[in-house]
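This briefing covers a structure and the surroundings of its ligands. The points below are grouped by topic.

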Amino acid sequence: MLTQRAKQVDRRPMTGLESIYLWNILKGMMITLSHLFKKKATIQYPEQKRTFSKVFRGLQVLNRDAEGRENCTACGLCAVACPAEAITMEAAERLSGEEHLYREEKYAVKYEINMLRCIFCGFCEDACPKDAIYLSQTFAPANYGRKGFIYKKEDLLIPHPIEQPEAYKKALGEKVVKADG
Ligand code: SF4
Ligand code: SF4
C-alpha cells in the first residue's frame, strides 16, 4: 500500500432496501440538490474574470529596456531551453544608427513562438540572460486557424515605454523591471 488512504470495499450482502437501489438514487439526488446552494465553481466568462495566482505563467512578452530598445540579442538560449521546440528566430547585425532600436549589437529580426506547442513552462524566461522574454499574466486568445497561434515578433513585443506609456504599463502587469533593463 503506497498511502494510508486506501478504502476497504464493503462486501456485505445488500439489504432489501439497497437491492432496489432507491436509497442510493435518493442519496445521489440529495448530493445534487445540496450543490444548488453551494458557491458555484464556474464563472460567467468573459464578463467575469478570475484573478490569477501571482505565479501564473501566460503569454510571452518580448521585453524592451527603459529607453524602448529591444533587449533580445538573438542568442538562441530560449530556443535551446524550450522542451516543446516552440521558438524559432533569425539573428541580424545591428547597423550604425540603429542603436536606439536594439540594445545589443545583434538582434532578432524574426522571432516566433508556436503557441500550440508551448506548455508555458517558463524555461525560456529562465534561460534568457538579457531579461528579454517573460511570461505575462494574460493567455493566448482563442483562434479559428492554426496559423493564428504562431505568434510573431510584432505580436510578442511589448509596447514602447516612451511612445505608448499606458499600453507599456498594462503589458508589464506584475512584472518587476530590473535596473539594467
Ligand atoms: S514557456 Fe516553455 S514551452 Fe513555452 S516557449 Fe517558453 S520554454 Fe517553450
Ligand atoms: S529572448 Fe533572451 S534567450 Fe531568447 S534569444 Fe533573446 S536574448 Fe537570447
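**Ligand surroundings and overall shape**

Ligand 2 is surrounded by 14 residues, and the closest of them are C72, C75, C78, C128 and A132. The model is predicted. Around ligand 1 there are 13 residues, with C82, C118, C121, F123 and C124 the closest.

Ligand shells by class
- The shell of ligand 2 consists of eleven nonpolar residues, two polar residues and one charged residue.
- The shell of ligand 1 holds twelve nonpolar residues and one polar residue, and no charged residue belongs to it.

Secondary structure
- The chain contains six helices and five strands.
- Read from the N terminus, the order of these elements is α-α-β-α-β-β-α-β-β-α-α.

Dimensions
- The radius of gyration of the chain is 26 Å, whereas a compact globule of 181 residues would have one near 16 Å.
- Along the principal axes, the C-alpha atoms of the chain occupy a box of roughly 90 × 40 × 35 Å.

Burial and contacts
- Of the 181 residues in the chain, 16% are buried.
- Among contacts in the chain with a separation of 6 or more, 73% are between residues 24 or more positions apart.

Conventions
Residues are numbered from 1 along each chain as its sequence is written. Chains are lettered from A and ligands numbered from 1 in the order in which they are written. This is a predicted model: local features need pLDDT of at least 70, side-chain atom pairs count only at pLDDT 80 or more; totals for chains, interfaces and linings use all residues. A residue is near a molecule or strand if its C-beta atom, placed from the backbone, lies within 6 Å of it. Ala, Val, Leu, Ile, Met, Phe, Trp, Tyr, Cys and Pro count as nonpolar, Asp, Glu, Lys and Arg as charged, and the others, Gly among them, as polar. Helices (H or I, at least four residues) and strands (E, at least two) are DSSP runs, numbered from the N terminus. The radius of gyration is taken over C-alpha atoms; the globule rule is 2.2 Å times the number of residues to the power 0.38. A residue is buried if 20 or more other C-beta atoms lie within 10 Å of its own, exposed if 12 or fewer, and partly exposed in between; C-beta atoms are placed from the backbone. Two residues are in contact if their C-beta atoms, placed from the backbone, lie within 7 Å.
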